Amino acid sequence: MNGILIIRQPKTKDEFESMYDLRWNLLRRPWNQPKGSEKDEKEANSIHFIALLDDRIVGTVRFHKIKENIGQIRYLAVDNNYQGKGIGRNLMETIYITAKNQLFQYLILNARETAVPFFKKLGYKVIEEGPLLFGQIKHKKMLLKLSRTDLKLQKIINNLRISAKFPNENPNAID
Ligand SMILES: CC(C)(COP(=O)(O)OP(=O)(O)OC[C@H]1O[C@@H](n2cnc3c(N)ncnc32)[C@H](O)[C@@H]1OP(=O)(O)O)[C@@H](O)C(=O)NCCC(=O)NCCS
């Protein structure tokens with residue numbers, strides 16, 4: 001892949017609009033769904049990520065908490081011209097790191113049947129049938145349990161961060 005891939009949260013109104021456009025073009029438009037159908041009531045309470053290649057938004061994904069310890073992934077989409085280059089994997093790895101930092105234990109998602117092999121490669125397992133979207137797109141509910149070792153290490157790191165905050169910490173100290 002030419003160019004540098006950057007995964008980060010969208011910042012500007014334009015970036016949010018481009019992100020929603022990408023979602024709509026990939027996940028809603030081919031099924032004749034109107035503009036606006038690419039959003040739901042959780043947008044403001046979710047963490048969004050975009051994949052940028054040479055300043056162009058080529059992928060996106062969203063993460064939100066559904067229960068204590070459980071996060072849900074939705075709206076993963078990579079521009080048709082950029083699929084198969086590791087962008088989807090990078091977006092999903094960013095979600096994993098985000099979930100781990102916040103000590104989530106499980107990640108769940110509803111995978112389109114066409115995307116099930118992709119999620120299996122990342123360690124997700126099918127747990128049950130998922131919804132039928134627009135009366136035609138079959139889904140499987142998939143789950144990933146975060147690694148116990150990763151979570152143990154993260155807890156240690158979080159505790160170190162807390163104990164490193166001394167009340168008389170001098171911000172100008174050099175060493
Ligand atoms: C599914 C999707 C997000 C994958 O993103 P991507 O950037 O193309 O995937 P990557 O290049 O990161 O693929 C990672 C690995 O999964 C494999 N893979 C990707 N899509 C696959 C598929 N549909 N079937 C089987 N394997 C797949 C890749 O070959 C790659 O394998 P490797 O690591 O052995 O080389 C992308 O194809 C897409 O946006 N599809 C349309 C929208 C969609 O279906 N979104 C998911 C909604 S649930």
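What percentage of the 175 residues in the protein chain is buried? Buried residues make up 23%; a residue counts as buried if 20 or more other C-beta atoms, placed from the backbone, lie within 10 Å of its own.

This is a predicted model: local features need pLDDT of at least 70, side-chain atom pairs count only at pLDDT 80 or more, and totals for chains, interfaces and linings use all residues. Residues are numbered from 1 along each chain as its sequence is written.

Start with the whole chain. It has four helices and seven strands. These are DSSP runs numbered from the N terminus: helices are H or I, at least four residues, and strands are E, at least two. Along the sequence the pattern reads β-α-β-β-β-α-β-α-β-β-α.

Seven of them form an open sheet, ordered 1-2-3-4-5-7-6, with mixed pairing; a pair needs at least two DSSP bridges. Strand 1 (5–8) and strand 6 (125–133) are the edges.

Zoom in on strand 2 (residues 47–53) and strand 3 (residues 56–67). They run antiparallel, joined by seven bridges. Find I50: T60 in strand 3 stands opposite.

Finish at helix 4 (residues 148–163). Its 16 residues reach 23 Å from first C-alpha to last, close to the 22 Å expected; that expected span is 1.5 Å times one less than the number of residues.

Key:
A residue is buried if 20 or more other C-beta atoms lie within 10 Å of its own, exposed if 12 or fewer, and partly exposed in between; C-beta atoms are placed from the backbone.
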